[in-house]
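Thanks for coming. I have one structure to go through today, and I will keep it short.

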Amino acid sequence: MIDNMKRQHLTLIFLFSLVQILNSQIVISGEIRPRTEFRGGYKTPISKISDMAVVTDQRTRLYADYQKSNVKIKITAQDVRVWGNTPTVGGNGSFLGIAESWIQIGIKPSIDLTIGRQAISLDNERIFGALNWAQAGQFHDAIRLNWRSKEKSAWRNQLSLIGSVNQSTSVLSQTRFSTKGSYKGLGAAHLSWENTSKGLQGSLLSSLVLYPTQWHNLWPPSDTHSLTYGIGTHGFTSRFSQGKIRVSFEGYLQHQTQSKTPEFSGVIAMGKTWDKTTLTVGSDYLSSGFKPLFGTNHKFYGFMDYFYVGNPHQDKGLFNPYIRMDYSTNAGKFSLFGHHFRSAVNIPTGQEWLSMGEEIDLLWTKSFSNSIHLLGGWSVMRTTAFTNEIKNTANAPRFQTWGFIQLTYKMQAQN
């Protein structure tokens with residue numbers, strides 16, 4: 001407890017010292033984001049409505065951005081806590097930490113190198129995402145090299161090379177890697193392109209992630225301390241827009257060291273806009289062992305997070321046809337989602353593509369100024385006997401619900 005408090009104090013002292021030293025070049029901004037959720041079946045079914053939980057958590061961030069010549073630095077201090085998790089008397093707990101701390105060096109106008117703890121967000125965040133819905137977000141200790149085409153070019157291309165080698169502790173030999181929720185090594189290459197005049201946009205991605213539990217050297221491994229799990233993901237995105245019509249395709253192949261069978265994920269979506277209304281229909285397919293890795297899965301597979309959001313469903317995969325309608329008014333933007341979920345594998349009983357239920361999500365967002373934003377929503381999930389079986393809640397009622405209201409206040413001031 002004392003060590004945690006010392007670390008928090010040192011973090012604050014460091015940030016304030018940085019402000020004083022860099023004074024004229026630094027931009028200080030911040031964010032406060034409390035969110036209250038009404039959990040009546042969130043992530044897993046509950047037995048009765050009286051078991052509903054009401055939880056309020058809050059993210060508080062302080063950003064320090066520095067730029068001079070060809071160098072950029074960003075440091076983000078973050079506090080994430082549940083209201084009531086610490087007593088009113090007796091200290092602040094151990095919630096404060098550094099979410100981001102990176103330096104970006106401009107090698108040429110079209111080439112830059114970013115080193116340090118950073119968010120990695122690629123394409124629509126299906127495989128690599130910043131996970132902004134989660135209060136803590138998602139960040140990597142990594143190096144990223146970006147090469148971009150000239151700004152005046154009709155085709156806006158970017159090649160990104162990403163790499164990371166992690167350790168659990170600082171030792172001189174015989175490293176044992178045991179950091180939960182992390183990985184030993186990461187290598188990725190991402191090429192994106194866009195031509196707005198032609199309405200074309202797309203990308204290619206190839207990545208390899210290593211998840212050893214014990215490791216003395218990155219390569220080669222010894223007989224007793226070796227790679228236990230590795231995932232390679234390779235795929236593409238393709239988007240075409242003409243007028244008010246949009247069509248998109250995505251496809252990924254995945255190979256894993258513990259499986260001889262390749263996994264697959266495919267996506268297709270079509271949308272059209274009429275004045276203030278946009279209608280989108282599409283479908284996702286993930287084979288039984290496909291892992292979305294660092295994706296912002298809350299964005300794709302229903303807001304109640306029954307699938308993939310740190311929430312396994314016994315490797316049943318997912319077939320998810322959906323429909324979405326967005327409507328913008330002076331009162332804000334309203335979005336309505338409808339999902340149908342089915343298993344992507346054969347069930348032992350012989351039934352194929354067994355239903356895992358339906359979900360309806362209603363989302364509302366409103367910006368009252370550049371600083372104040374409100375976001376709210378309500379969802380209803382109709383589970384099936386199969387859903388309850390894989391969630392180990394056999395006697396739960398078929399209808400589950402979840403709702404939330406979130407306030408975001410952003411502040412910015414330059415010294």
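This is a predicted model: local features need pLDDT of at least 70, side-chain atom pairs count only at pLDDT 80 or more; totals for chains, interfaces and linings use all residues.

Residues are numbered from 1 along each chain as its sequence is written, and side-chain values use heavy atoms, with hydrogens and water left out.

The protein chain has two helices and 18 strands; these are DSSP runs numbered from the N terminus, with helices being H or I of at least four residues and strands E of at least two. Of its 415 residues, 43% count as buried, meaning under 20% relative accessible area with a 1.4 Å probe, protein chains only.

Now the strands. Strand S10, residues 230-242, pairs with S9 in the antiparallel sense over eleven bridges; strands count as paired if DSSP finds at least two bridges between them. Leu208 has Gly232 of S10 as its bridge partner. S10 also pairs with strand S11, residues 245-256, again antiparallel, over twelve bridges. There Arg239 stands opposite Ser248 in S11. S10 and S11 make a hairpin with two residues between them, and Gly243 in the turn has a positive phi of about 65°.

Next, the core. The largest nonpolar core has 38 residues, and Phe128, Phe307 and Leu318 touch the most other members. Such a core is a set of buried Ala, Val, Leu, Ile, Met, Phe, Trp, Tyr and Cys residues joined through side-chain atoms within 4.5 Å. Elements supplying at least two residues each include S9 (200-210), S18 (399-414) and helix H2. Not counting residues up to four places away in sequence, the contacts of Leu318 include Phe307, Tyr301 and Met356, where contact means heavy atoms within 4.5 Å.

How many cavities of 30 Å³ or more does a search of the whole structure find? The search finds one. The largest cavity holds about 40 Å³ of space. Phe128 is among its lining residues, as are Leu205 and Tyr252.

Last, Asn388, which lies in H2, residues 385-390. Is Asn388 buried or exposed? Asn388 counts as buried because its relative accessibility is 2%. Leaving aside neighbours within four places in sequence, Asn388 is in contact with Pro45, Thr383, Thr393, Ala394, Ala396 and Arg398.

That is the end of the tour.

How values were computed
Buried means under 20% relative accessible area, exposed over 50%, partly exposed in between (1.4 Å probe, protein chains only). On a 1 Å grid over the protein atoms alone, a cavity is a set of points where a 1.4 Å probe fits but cannot get out, and a pocket is an open set with protein on both sides within 12 Å along at least five of seven lines; lining residues have an atom within 4 Å of a point. Grid points are joined across faces, edges and corners, and a volume is the space filled by probe spheres set on the points.
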